[in-house]
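Reader: I would like to learn how to read a model like this one feature by feature. Could we go through it together?

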Amino acid sequence: MARESEGSAILLGSSFLRILRPAALSIALTMLYPKVGGALEELNKLVSGRLRLGADGIERYGFKSFGQVVEFIGFGGSTESVGAYSFVDCSYMYVLLRYGVVFLAVLLGITVYSCYRNRHDLYFLYAMTLVAINCAIAHHILQLEYAPFFLALLARCVGAKEDAECPLVCR
C-alpha cells in the first residue's frame, strides 16, 4: 500500500476536485450542448453522441430532486438496431435523470469521503480518479465493480494503532 508523502498530500488536496470535476464538466457540457451546438459538435462526435443523448434526456425528462421513472432504450449488448436509441451512457447524467439531484449529491459526497478516509493510499486515490473520469463516458457508477468507494467504506482496517491516522492493512 502506498504511504503518505508530499505527493499524497497534493493528491488529497485535489482529490475533491479530481472526483467532482468530471461530474461537473460532463453535466455542464451536456446542458450547454443544445445552446452552443456547433461549438461542441466535434466533442459530441468524439464521445459517440453522448452529449446529444444526455441533452435529449434532459429535454424529455428534466431533473427531479428524488428521481423519476426514465425509459432508456439501448442495445443491451446486442448489435441489432432497437429503433429509437435513447440510452444515456454518462453515469452522472444517468443518475441525475433516473435517481435525482439529491441521490447524485449523496453519491458524490460518499465518493469524496472515501477518498478522504483512504487518503494515505495513493493507489486508491489514483483508482478513484480513473473511475471518476470513466463515469463521464460510461453508465456503470452504481455497479460494484466500478464503484470501489462502496467497498472502501465497508472495509475494516486492521494492523494500525488505535490513534494512528494511517491504516496499515484494510480487508
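Reader: Where is the place of tyrosine 33?

Author: Tyrosine 33 sits in helix α1. Helices (H or I, at least four residues) and strands (E, at least two) are DSSP runs, numbered from the N terminus. Before we go on, note that this is a predicted model, in which local features need pLDDT of at least 70 and side-chain atom pairs count only at pLDDT 80 or more, while totals for chains, interfaces and linings use all residues. Residues are numbered from 1 along each chain as its sequence is written, and side-chain values use heavy atoms, with hydrogens and water left out.

Reader: How many helices and strands does the protein chain have?

Author: There are 7 helices and 2 strands. Read from the N terminus, their order is α-α-α-α-α-α-α-β-β.

Reader: Back to tyrosine 33: is it buried or exposed?

Author: Buried means under 20% relative accessible area, exposed over 50%, and partly exposed in between (1.4 Å probe, protein chains only). Tyrosine 33 has a relative accessible area of 10%, so it is buried. In the protein chain of 171 residues, buried residues make up 40%.

Reader: Which residues does tyrosine 33 touch?

Author: A contact means heavy atoms within 4.5 Å. Leaving out residues up to four places away in sequence, tyrosine 33 touches Leu40, Glu41, Asn44, Leu51, Arg52 and Ala55. Leucine 51 is 18 residues apart from tyrosine 33 along the chain, yet their C-alpha atoms are separated by 6.5 Å.

Reader: What caps the N-terminal end of α6?

Author: Aspartate 121 does, with a side-chain oxygen 3.2 Å from the backbone nitrogen of tyrosine 123. Within helix α6 (residues 122-134) we also find threonine 129. With a relative accessible area of 12%, threonine 129 is buried, and it touches Arg18 and Ile19, not counting residues up to four places away in sequence.

Reader: What is the phi of serine 48?

Author: Most residues other than glycine have a negative phi. Serine 48, although not a glycine, has a positive phi of about 55 degrees. Its place is in the loop between α2 (38-46) and α3, and its relative accessible area of 57% makes it exposed.

Reader: And valine 69, is it buried or exposed?

Author: Valine 69 counts as exposed because its relative accessibility is 78%. It is found in the loop between α3 (50-61) and α4 (91-99). The C-alpha atoms of valine 69 and arginine 98 are 6.3 Å apart, although 29 residues separate the two along the chain.

Notes
A polar contact is a pair of N or O atoms within 3.5 Å; within protein, one must be able to donate a hydrogen and the other to accept it, and residues adjacent in sequence count only if both atoms are side-chain atoms.
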